[in-house]
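Trainee: Can you walk me through this one? I'm new to reading structures.

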Amino acid sequence: SGSCGDHAWGADRDGYSKCAWLGREPYPEGDAALHAMGDDAGLCCPEYPSGSCGDHAWGADRDGYSKCAWLGREPYPEGDAALHAMGDDAGLCCPEYPSGSCGDH
């Protein structure tokens, strides 16, 4: 047992080498997420880079629907590569065209 931090998943420890196989970067030293109990990459490595659209909760699995609604847009689905873009605004983090629409192709 033990937390992600106890198992050296932070950026100040072994996090870069442990998270790399998922194409992820580790949580920074001292991040509250390192207090999660576990010892696996799915739990101990952030899904999105720090400062990215996904990190700022723009995905459909987080706050994306409410954040994109004022533009008449729907959010990117969870895990979409577009959520790795660095930013925190609707113009960048919400798709211009709905998925499956003519503009999307």
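Trainee: What kind of model is it, and what gets counted?

Mentor: This is a predicted model, where local features need pLDDT of at least 70, side-chain atom pairs count only at pLDDT 80 or more, and totals for chains, interfaces and linings use all residues. Residues are numbered from 1 along each chain as its sequence is written, and side-chain values use heavy atoms, with hydrogens and water left out.

Trainee: What's a disulfide, anyway?

Mentor: A covalent bond between the sulfur atoms of two cysteines. Here the rule is a pair of cysteine sulfur atoms within 2.5 Å.

Trainee: How many disulfides does that rule give?

Mentor: The count comes to 4 disulfides.

Trainee: Which cysteine does Cys4 join?

Mentor: Cys4 is joined to Cys44, with S to S at 2.0 Å. Cys4 lies in the segment before α1 (15-19) and Cys44 in helix α2 (residues 41-44), so this pair ties together parts 40 residues apart in sequence. Helices here are DSSP runs (H or I, at least four residues), numbered from the N terminus.

Trainee: Why is that disulfide of Cys4 and Cys44 called left-handed?

Mentor: The torsion about the S-S bond of Cys4 and Cys44 is about -75°, so the disulfide is left-handed.

Trainee: Is Cys4 buried or exposed?

Mentor: Cys4 is buried, at a relative accessible area of 0%. Cys44 is buried too, with a relative accessible area of 0%. Buried means under 20% relative accessible area, exposed over 50%, and partly exposed in between (1.4 Å probe, protein chains only).

Trainee: And Cys19, what does it pair with?

Mentor: Cys19 forms a disulfide with Cys45, the sulfur atoms 2.0 Å apart. Cys19 sits in helix α1 and Cys45 in the loop between α2 and α3 (64-68), so to speak distant parts of the chain, 26 residues apart. The link of Cys19 and Cys45 is left-handed, with -90° about the S-S bond. Cys19 and Cys45 are buried.

Trainee: Where do Cys68 and Cys94 lie?

Mentor: Cys68 lies in helix α3 and Cys94 in the segment after α4 (90-93), so the pair ties together parts that are 26 residues apart in sequence. Their sulfur atoms are 2.0 Å apart in a disulfide. Both Cys68 and Cys94 are buried.

Trainee: What's the pairing if I number the bonded cysteines in sequence order?

Mentor: The pairing is 1-3, 2-4, 5-7, 6-8.

Trainee: New topic. Which residues make up the largest nonpolar core?

Mentor: The largest nonpolar core has 9 residues: Tyr48, Cys53, Trp58, Cys68, Tyr76, Leu83, Ala90, Cys93 and Cys94. A nonpolar core is a set of buried Ala, Val, Leu, Ile, Met, Phe, Trp, Tyr and Cys residues joined through side-chain atoms within 4.5 Å. A second, separate core of 8 residues includes Cys4, Trp9, Leu34 and Ala41.

Trainee: What is Cys94 in contact with?

Mentor: Leaving aside neighbours within four places in sequence, Cys94 is in contact with Trp58, Cys68, Arg73 and Tyr76. Contact means heavy atoms within 4.5 Å.

Trainee: One last spot. Where is Ser3?

Mentor: Ser3 is found in the segment before α1. Ser3 counts as buried, at 9% relative accessibility. Beyond its neighbours within four places in sequence, Ser3 is in contact with Leu34, His35, Ala36, Met37 and Gly38.

Definitions and conventions
Helices (H or I, at least four residues) and strands (E, at least two) are DSSP runs, numbered from the N terminus.
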